[in-house]
Amino acid sequence: MMAYIIRRVLYTIPLVLGVCVFTFLLFDVAFPPKARAVQELGRHANEKQIQNLIHTRGWDKGLFWHGEAKGFERLTDTRFVNHMKKLLLFRFGRTQKTHEEIGRKIREGMVPSLTLTVPIFVLGLVVGICLSLGVAYFRATYLDLGAVVVCVGFMSISILVYIIAGQLLLAQYMRSFPIYGYAGGAHAARFLILPILIAVVKGLGGDVRFYRTILLEEITRDYVRTARAKGLGERLILFKHVLKNAMIPVLTRTVLAIPFLFMGSLLLENFFGIPGLGNMTVEAVANGDTQVMAAMVYLGALLFALGNLLTDISYTLVDPRVRLR
Amino acid sequence: MNETQVMEARSLWAEAWHRLRRNRVAMVCLAIIVVYLVIGLMDFIPVRQTLGSGDSATHRWGTLVDWIFLKVVGATDKAESYSPPLRGRHVMGTDILGVDVLYKAVKGVRTAMILGGLTAAIYIPLGLLFGIIAGYFGKFIDDAIVYIYSTLACIPGILLLIALMSVMGKGLVQLCIAMGVTSWVGLCRLMRGETLKLRESDYVLAARALGAGWPRIIFRHILPNLFHIVIITFTLGFSGIILSEAVLSYIGIGVEATTISWGTMISEARMELSRDPSVWWHLTAAAGALFVLVLAFNVFGDALRDALDPKLRTE
């Protein structure tokens with residue numbers, strides 16, 4: 001077991017390094033320093049300002065070889081090494097526009113993001129599984145068919161429409177929730193209920209359909225027939241035997257989603273003015289801040305790799321049939 | 001005489017079509033897709049238009065859709081902004097500039113078609129090529145390709161799109177490239193897995209025993225047996241592409257503002273809802289056009305998968 005976990009951990013290292021290299025290629029090589037400087041300073045910047053910025057940012061150093069440095073620094077004081085150091089040591093630097101520390105901003109943004117995404121995640125999971133159990137109980141009836149139709153319909157609506165319609169109906173006409181803003185502590189709930197509600201409803205379509213497929217797949221298994229032959233009630237079979245076995249594929253999807261809770265939600269945070277990481281990313285896009293974007297891509301990938309790791313490990317814990325390879 | 005039922009031998013495609021035809025909902029969805037396709041294609045046919053009359057007439061090139069709307073709605077008909085639906089000739093009302101909303105929604109079909117088509121033209125060859133190479137040749141080639149796509153797959157899709165788009169800049173073609181880069185990974189993974197399976201199949205072994213080289217095995221024996229998965233992936237992936245466009249255009253890194261797309265329409269319409277009286281038709285037209293197409297593709301894609309390969313699990 002321990003050896004397996006260690007091997008899995010070691011396997012994620014090249015992946016994370018690969019992502020760092022990818023961000024370097026994308027933001028440093030494919031996006032030339034001059035274009036970046038012009039984007040940051042605006043179109044009317046003169047040549048001197050541009051050169052100054054390029055120099056202070058260290059963009060005039062070589063990609064892999066810094067000829068002007070001395071000794072060993074020719075190899076270590078390059079754009080590639082600096083970029084990798086920045087990401088791997090979590091020293092992301094400062095934002096372009098406000099010169100705030102990106103690392104601190106990320107740490108601060110995580111809390112509002114989590115207060116938004118964790119309730120969405122928990123509620124979505126509970127409601128989704130309950131509904132799909134109900135649908136599976138009434139399988140092969142018109143209720144089941146209707147539920148699938150509604151699910152696919154829910155999946156086909158753009159998230160923008162959910163947000164805009166939810167904001168309009170619940171906040172503007174019914175005046176039940178504030179439209180925009182955020183407050184710390186217990187006051188946050190007032191601002192968060194609406195986005196949470198919207199996100200849960202948005203996710204239900206895909207989730208219920210997915211869980212239903214898994215439940216129905218399990219229902220045709222031999223052990224269910226055995227349980228039925230034993231005289232167990234349909235409800236007991238469904239809610240105890242089938243649910244337990246269906247948890248494995250559900251778990252894969254769920255555990256993989258956990259790390260992303262830290263990243264927040266791009267659109268929800270932007271629409272509702274929640275100062276989380278999603279909002280920060282949208283702002284970075286608006287400002288063309290490649291430093292923030294590189295940090296976000298790196299963090300997202302790191303969390304994904306972590307999620308994969310967790311999934312694989314929890315697989316082996318939940319299902320003894322899964323062999324350790 | 002023994003009455004044994006003899007089933008006519010049918011190819012995979014004929015069999016799938018036979019199964020699909022019995023699925024009425026799927027056929028309705030196919031009809032909807034075809035209608036969209038026809039509208040989209042009509043928007044590629046250039047037509048010379050005459051604006052004004054007499055000496056002041058000017059000519060310009062537009063598409064068949066432009067021409068139809070010119071004839072039906074009228075071009076000189078400079079409508080007031082935010083004229084509500086069903087007033088005058090504007091069935092779906094007008095937007096802030098007095099442009100017919102139905103016209104914009106119909107123009108969005110072409111953008112959606114370019115997006116879906118061009119993206120597919122990028123990611124399908126990529127996914128096929130690398131998937132087959134990795135699966136067939138194995139060893140270090142396989143390791144390298146798996147490493148590359150695992151690395152890309154580590155980056156959350158929306159963040160990867162944002163990163164690519166902010167480097168390449170706004171635009172329809174750039175968007176297609178970015179979506180192609182994010183989409184090929186899923187297909188490549190499927191193709192690799194299938195190729196691994198097919199490589200060991202009896203008919204490939206037989207072909208190899210008969211002395212067929214790798215190009216012949218890949219093109220004659222493996223590739224044709226992968227096509228149905230490609231088609232399923234394309235159909236089920238189409239809706240994701242259209243939905244992503246809307247999100248990216250809202251954030252401001254999708255298509256250019258001058259390109260008429262459902263995404264740009266929705267973002268334009270966002271603030272108009274809170275006007276008094278509320279301008280709801282702009283959003284409704286765009287969201288409705290998008291919803292119907294995505295729904296049709298979702299349902300038809302599911303039916304297609306069930307008809308072609310019931311065992312394939314896609315999400």
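Four residues of domain 1 of chain A are in contact with four residues of domain 2 of chain A, where contact means that the C-beta atoms of two residues, placed from the backbone, lie within 7 Å. Helix 2 (residues 33-41) of chain A gives the largest share of the domain 1 side, three residues; helices (H or I, at least four residues) and strands (E, at least two) are DSSP runs, numbered from the N terminus. By type, the residues on that side of domain 1 of chain A are one nonpolar, one polar and two charged. Here Ala, Val, Leu, Ile, Met, Phe, Trp, Tyr, Cys and Pro count as nonpolar, Asp, Glu, Lys and Arg as charged, and the others, Gly among them, as polar. The domains of chain A are assigned as 33-89 for domain 1 and 102-324 for domain 2, with bounds that come from an automatic or database domain assignment. Their C-alpha centres lie 41 Å apart.

The model is predicted: local features need pLDDT of at least 70, side-chain atom pairs count only at pLDDT 80 or more, and totals for chains, interfaces and linings use all residues. Residues are numbered from 1 along each chain as its sequence is written, and chains are lettered from A and ligands numbered from 1 in the order in which they are written.

Between the chains, 37 residues of chain A are in contact with 33 residues of chain B. On the chain A side, at least two residues each come from helix 1 (2-29), helix 7 (142-155), helix 8 (159-173), helix 12 (266-272), helix 13 (277-287) and helix 14 (290-318). That side of chain A divides into 29 nonpolar, eight polar and no charged residues.

Chain B has 12 helices and two strands, in the order α-α-β-β-α-α-α-α-α-α-α-α-α-α along the sequence. Its C-alpha trace spans about 75 × 60 × 40 Å along the principal axes. Of the 315 residues in chain B, 42% are buried, a residue being buried if 20 or more other C-beta atoms lie within 10 Å of its own, exposed if 12 or fewer, and partly exposed in between.

Helix 11 (residues 262-269) of chain B is largely enclosed by the rest of the structure, because seven of its eight residues are buried. Among them are Trp262(B), Met265(B) and Ile266(B). The cover over the buried residues of helix 11 of chain B includes helix 8 of chain A, as well as helix 4 (101-137), helix 10 (227-251) and helix 12 (281-308) of chain B.

Lys139(B) belongs to helix 5 (residues 139-154) of chain B. Lys139(B) counts as exposed because it has 8 C-beta neighbours inside 10 Å. Its phi is near 50°, a positive value in a residue other than glycine.
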